[in-house]
Protein chains: 2
Amino acid sequence: MNQADLRGFFAEKSTLNMDDYIVLEYYFECAANPEQAAAHLCQEQSTAQWKRVDVDEDLRGRFGAKVIDLVVERMLDQPTYPFLSHSNDKAYSCKVKIAHPHGNFGAKIPNLLTAVLGEGTFYSPGISAIKLLDIEFPESYLGNFQGPKFGIAGLREMLGVYDRPIMIGVIKPNLGLAPEPFAELARQAWLGGLDIAKDDEMLCDVEWSRLTERAERLGAARLECERLTGEKKIYLANITDEVDRLIELHDIAVARGANAVMVNGMTTGLSAVRMLRKHTQVPLFAHFDFIAPFTRMLYFGVHSRVMTKLQRMVGFDSIILPGFGDRMKTSDSDVLLDVQECLKPLGHLKPVLPVPAGSQWAGSIPQLYEKLHSVDFGIVPGRAVFEHPMGPQAGAASLRQSWEATVRGLTLFDYARDHAELLAAIKEGH
Amino acid sequence: MNQADLRGFFAEKSTLNMDDYIVLEYYFECAANPEQAAAHLCQEQSTAQWKRVDVDEDLRGRFGAKVIDLVVERMLDQPTYPFLSHSNDKAYSCKVKIAHPHGNFGAKIPNLLTAVLGEGTFYSPGISAIKLLDIEFPESYLGNFQGPKFGIAGLREMLGVYDRPIMIGVIKPNLGLAPEPFAELARQAWLGGLDIAKDDEMLCDVEWSRLTERAERLGAARLECERLTGEKKIYLANITDEVDRLIELHDIAVARGANAVMVNGMTTGLSAVRMLRKHTQVPLFAHFDFIAPFTRMLYFGVHSRVMTKLQRMVGFDSIILPGFGDRMKTSDSDVLLDVQECLKPLGHLKPVLPVPAGSQWAGSIPQLYEKLHSVDFGIVPGRAVFEHPMGPQAGAASLRQSWEATVRGLTLFDYARDHAELLAAIKEGH
C-alpha cells in the first residue's frame, strides 16, 4: 500500500461523527511497519477495494474503517505465535483503535461479528497475533438492542431478595436421572435455602428426561417449597437446543413451571438468543460453553469482556461466566472485567447478574464478596450442594450459613461451630 | 479421584455398542498422571456426579464418557501455554479417544458443541492445553442430519459444468456501491466467464443496498448473461443476518433472482443454518468468518476439520474455507484435511464443494489443481477479477484462460502470449 492509500485509512477522531462508528480496540503483532499493518487491517475489514477500475471514486470516506489511534508498545524478540507469521524475527507489539462505520452492516449480531472477528481481522496481511480487546458502541447503535428484560432488579424482585448474593445450585447428578428423582433433589435444596435450582448445561430435552415432564415436576416442587419456606424460588430450565425449537421449549418450560430459562449462548448463537429475548416471559440465563477456545489465548482471539457485553446486548438477564480460581484458567483481572461488563452503564441496557462460576462451595462466598465489593452476584455450586455429605438440603444450608457468617464479620470456622452443615462442608473441603 | 472411580471412566471399545457413541479425539497436556487427567475429562464432560448421596447407584454405565484409547506422546520441558496451568514444570503431551454417549444430548448442534467443546473440555482439572482434533459419528447419529440438498453434483448440474473447477468472484468494491452499479460489475464478470458472482461476506441487507433491489438487479443481469453466453450463471447472495430473518431473506433473494445464498455460519450459528436447510430452495454456501479464533492455535481449541464436518452436516452445499498461502495462516496439511472433510464418505451425506480461499488470482488455479488432484473445487478471487487493469470481464476471462492452460499442460506464461487478459493478470502479479 502506498503512502497516499495508507493515509485514507487514518483519521483524526475529532473529524468523525462518532455516532456513526463503533470503536474497536485490538492488540496485534507485525513484523514490519505498524502503520501499514493497521491500514491493511482497516482495509480488509471494510472497503477491501474502494474504487472501480476506470471510475474516479473513493468509497473510504463513508465506508472505510479508520485508524484513530495506534501505539507501538514494544519490540518483541520474536512473535508470540511464530507459526502465524512464518517468521521468528523481531515483531512489533501494538494497540490500535479503529473507528468502524456501523452502517456497513447495521445492528445485527452475525454481521457485527463478521466485521470485527472475521476474515478481515484474522487474515490481514502482515499481522500474526491479533486479539479484539474491546468494542465501544455509540448510544445510537445500542438503541437497537432490547437488552435484559428483567436484569438484576427484576431478578431480585422475583425472588424478594435484595441484600445478598443469589444462591444457585446445579442439580447433580447432572445426567441420567429421571424427572421425578431429579425434582426431589431440587426440592431438598430449595428447602435448605437455595434460591435457584438449575439444570446442568449438559442436560437438555432428551428422551430420558423430557423437558415437559421435568418442568412440570420441578415446577410443582418449586411451588411446594415456596409455600413451606415463605421464600420465592426459581427453577432455571436449560432450553438449549436447535434454534428453531427455542421458542417452543421456552413455552413448554414456562407453561409447566419453570420461571427462568438458560441458553448456552455461544453454542446456540447469540442471534438466536436475541430472537428469544423478543418472546421471553421469564429471565434468560447464559452459560459460557465454547467461550474458552476463542477467549483464553493471551494474544489471539477476542477478550471475554466483549462476549459478556454482547450477551448483555442480546438480552440475557444473568451471565454465568468463567470465574476465579486456577481451574477456570482465567486471570482475576479478566474475571473482574467480565463482571464489570455486566454491571457498568451501557446505554439504556439494564445491568445483568454476574455469576462467576467454577468449583464453588460455601467457602467461595466470602471470597467472591471480598473480590467484588458487592452483593450483586450469584454463586453456582453443583457438587457442594448435591454431594454434601448430609444431602442437598444441608448443602444449600451451608451456602446460606456462609453468607450469614460473612455479613456478621465472622470466619467460617467460627460460625461453623454451631452450624453443622457449614462444618461438614468445611471438613469436606468443598 | 481414586483408582476405582478412575476405572469407571475407562472402557474397552469392544465392550461398547459403538452405535450409541460418538468418538472424540483430543490432544491435551497435563502436569501429572495422564490417566487421572483423561478420567477427569470424561467426568467433566458427562456424569460430573454419578450418584446421589445415600443412594447406591452408578450412572456412568449408560451416561458416562469413557476413555477408549490414551497415548502419552512425549514429555515437554514446559507446557505449551504455561498461563493455563499456572506451572512451568514438565508436562505430558497426550492423545486420547473418548467414547461419549450421544444419548446424553441427542442430534442437536448446540448441545453437541456444549458436550465436546464446553466447560467440561476446557476447564477440566489438571489439563492445560487441549484441542479437539476430530469427531467420528456413527451412521445412526448422522442419519438425523439432512446434509447438503444439492452438493457438488447438484451445483454442477445447475451450472452445466462438469469437468473443471468452479469460477467464483467476490464482487468488489465490496461495500458502498448501490445495487445498480454493483450488478453491472457482476454482469461484466459473468460475460468474461465467471460462473458465480457473489456478495462479499461483509455485504448484507443494508439501507444503502437493500437485498430486495440487489437480488432483482443481479438476477436480471444473470439471466441476460445466460442468454448472451449460453452458459448457466449463479448469483450468490449473502443473506447473513439475525437468525429470525434468514428464511425471510432467503425468500426475498430467491424470489428476486438469486439462485444460491451464503451464510456466515460461525457468526450466525450452525444451528440456524440447519434450520435454513429445511427450507432452502437453492444451494447454501458457507463463509468462514470467526473460525480463526478457535481453530488457529496449534494446541488449543478445535481443529478446523471438525467445523468443516459440522458445516456439511447442517446442510451447506459448498464451504468457503481458509485456503493455501502464508496470508491464511493455515498449514497446507490442515487445508487438505478440510478439503477431505468436504469430499470423503460421511454416512448418507452428499459431498460438498470445497472453496479454499485467500488472495487468489488466475495463477492460483494450477496450484490448487496440483495440490488437490481434482477438479472438484471452487476458486474465489475478488480483486483479481474486479480490479483487473482491463476490467472485470477481462479479470474473469483470465481465470478461464488459466484453466485452459492448465488442462493443455501449458505454463501460464506460454498461454499468456496470445491471451491479453491472462498476460495483464500476470504482469499485475494477481
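1. The model is predicted: local features need pLDDT of at least 70, side-chain atom pairs count only at pLDDT 80 or more, and totals for chains, interfaces and linings use all residues. Residues are numbered from 1 along each chain as its sequence is written, while chains are lettered from A and ligands numbered from 1 in the order in which they are written.

2. Between the chains, 79 residues of chain B are in contact with 79 residues of chain A (C-beta atoms, placed from the backbone, within 7 Å). On the side of chain B that touches chain A, helix α5 (residues 109–117) of chain B gives the most, with seven residues (helices are DSSP runs of H or I, at least four residues; strands are runs of E, at least two; both are numbered from the N terminus).

3. Of the interface residues of chain B, 100% are also interface residues in chain A, so the copies meet through the same surface.

4. Chain A is assigned domain 1 (3–142) and domain 2 (151–428), with bounds from an automatic or database domain assignment. Their centres, taken over C-alpha atoms, are 37 Å apart. The contact takes 15 residues from domain 1 of chain A and 17 residues from domain 2 of chain A.

5. On the side of domain 1 of chain A that touches domain 2 of chain A, β4(A) gives the largest share, seven residues.

Notes: Contact = placed C-beta atoms within 7 Å.
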